[in-house]
Amino acid sequence: MNTEAPAWPAEFAERYRAAGWWRGETFGAMLRERAEAHPDRIAVVDPSGGPGGTRRAWTYGELDLRADRMAAGFTARGIARGDRVVVQLPNVAEFFEVVFALFRIGALPVFALPAHRETEISYFCSFTEAVAYVIPALHGGYDHRALAATVCAKAPSVRQVFVAGEDAGCFDNLADVPAEPVELPEPSPDDLAFLQLSGGSTGVPKLIPRTHDDYIYSLRGSNEICAVDENSVYLCVLPAAHNFPLSSPGTLGTLYAGGRVVLCPQPAPDVAFRLIESERVTITGLVPPLALVWTDAAPATAYDLSSLDVLLVGGAKFSEEAARRVRPALGCTLQQVFGMAEGLVNYTRLDDSAETIVTTQGRPISPDDEIRVVDDADTDLPLGATGHLLTRGPYTIRGYWKAPEHNARAFTDDGFYRTGDLVRLTPTGHLVVEGRAKDQINRGGEKIAAEEVENHILAHPCVHDANVVAEPDPYLGERTCAYVILRDGAERPRATEVKNFVRRRGLAAYKVPDRVVFVDSFPKTGVGKVSKKDLRAHVQAP
Ligand code: OOB
């Protein structure tokens, strides 16, 4: 087996091709075809990314040409097929120019989030031996050029940093890269297209290898289920690099359909609602906390939201009460999405009953998505019982990138992915997410691996041991609580000092514990392991 990117066994690949799921398309060719079919149609609108904060609207023809020119410039700078490039861009038009250029070269974007900091980015760059790193100059008041300088010192494979924005500092300005288009060999549809990040439950995030064939199938399937076509206008509110806004059906699904992508610079209702009105947005996707803010704000807004047909909500469990508010407040159909960057995506269908839409997290895209609900011993449970969700299918990976040991645990011998989610199936085949077995906190859709944060807290000189668990939060669903045992004789630091310590270690802000509690001991299980279950119960006790 290829341990770099474990592929589907030949008999599965043949089946998925024969069924018409994998059609031999690539992202580069897809954009070319759309540009040839309708060069003048608008592909991407960036409402404030132009000079002096002006609106930019790129047609399919322009995006296609820009991708060609950027690909030529990257090629001239030595970026070649198979190379990894860490892309950390916010919701700006250059995101698409860069990733389609890399797709055309056959180089792999590694999709970092704007919130990632030194620890995460240095790891992505070192682990993937990335040759380049693409950043904004400033984003949300944060200087990514300073971050890049630190990253370059830590990850010597990074030969070049490209900066989108006015002042590149000591790095290359992305705007200077484009060159006369050159002929490039077409990547193969079963080649890797990019590496996505896993939310993860281990010390470091895992990388998810996705192919053109498998990912494009998930786009086509999503478009059909969400009724995305050439008339759709998708508002990208969440960070563009995340799997949800990228592909469910997201920006790439919309471009596949020949529709229009509008980039939202901030998720606040006043910013987003203004764009819904002015750009006649038809569909968008949100995590539950944002959906709550939007449904609260909508009844009083002066903006016209009547163009909005569909609101997708996913990334974390959307409570039934909150789900019921969507249609009255926003006047659109709710679609719940339960997906994962590893593959499987479930949607409630537009014509599902109102009850199904508010009480389930949907059903899989594909008839070839195999779903198993099992107990701790991997034995299948009767329909309706809650258990571990295992899945296998035409767009679910067979292994993480370069992680053979972890893959042996995260996948069954016959290739099912252990999602770490606890679910039950309804008689209609819809899934209800009941909880989670993986050691992860889902902070309003942002995933935090407990072990990763624990390792950083453990580096504090006063700390003997640490355990991070989720505690309920009315807005985020969950937030993080760190239980800490101090070393004998150590003076008790203030909770904020522990938080600042973690932040200073260069971790994304959303991973900094919301609360730190000092204790003398941890509850133990029968075999003497720390019982996170009891810690969670403790956290919920008043
Ligand atoms: C999406 O992808 P990831 O990779 O950030 O996180 C996947 C995990 C799932 O395993 C599950 O634990 C949780 O996020 N999750 C949900 C959920 N949607 C995701 N838990 C409960 N209810 C939901 N609706 O989060 C993602 C990828 C594509 C589309 C949508 C979300």
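Let me start with a term: a nonpolar core is a set of buried Ala, Val, Leu, Ile, Met, Phe, Trp, Tyr and Cys residues joined through side-chain atoms within 4.5 Å. Buried here means under 20% relative accessible area, exposed means over 50%, and partly exposed is in between, with a 1.4 Å probe and protein chains only.

Before we go on, two housekeeping sentences. This is a predicted model, where local features need pLDDT of at least 70 and side-chain atom pairs count only at pLDDT 80 or more, while totals for chains, interfaces and linings use all residues. Residues are numbered from 1 along each chain as its sequence is written, and side-chain values use heavy atoms, leaving out hydrogens and water.

So, the cores. The largest one holds 145 residues, and Phe27, Phe74, Phe95, Phe100, Leu235 and Ile457 have the most contacts inside it. Helix H4, residues 94–105, gives the most to this core, with nine residues; helices (H or I, at least four residues) and strands (E, at least two) are DSSP runs numbered from the N terminus. Apart from that core lies another, of 25 residues, including Leu108, Ile135, Ala155 and Leu207.

What does isoleucine 457 touch, leaving aside its neighbours within four places in sequence? Its contacts, meaning heavy atoms within 4.5 Å, include Val463, Ala466, Val484, Phe501 and Pro513.

Now please find helix H10, residues 269–279. Its buried residues are Pro269, Val271, Ala272, Phe273, Leu275, Ile276 and Glu279. They pack against strands S1 (42–46), S12 (233–236) and S13 (260–263), and against helices H11 (288–297) and H12 (320–330).

Most residues other than glycine have a negative phi. Arginine 280 sits in the loop between H10 and strand S14 (283–286), and is partly exposed at a relative accessible area of 41%.

Lysine 402 also deserves a look: its phi is positive, about 50°, although it is not a glycine. You'll find lysine 402 in the loop between strand S20 (387–392) and helix H14 (404–410), where its 30% relative accessibility counts as partly exposed.

Last stop, a hairpin. Strands S23 (residues 440–443) and S24 (residues 446–449) run antiparallel and are joined by four bridges; two strands pair if DSSP finds at least two bridges between them. Asparagine 442 has lysine 447 in S24 as its bridge partner. Two residues lie between the strands, and glycine 444 takes a positive phi near 60° in this hairpin.
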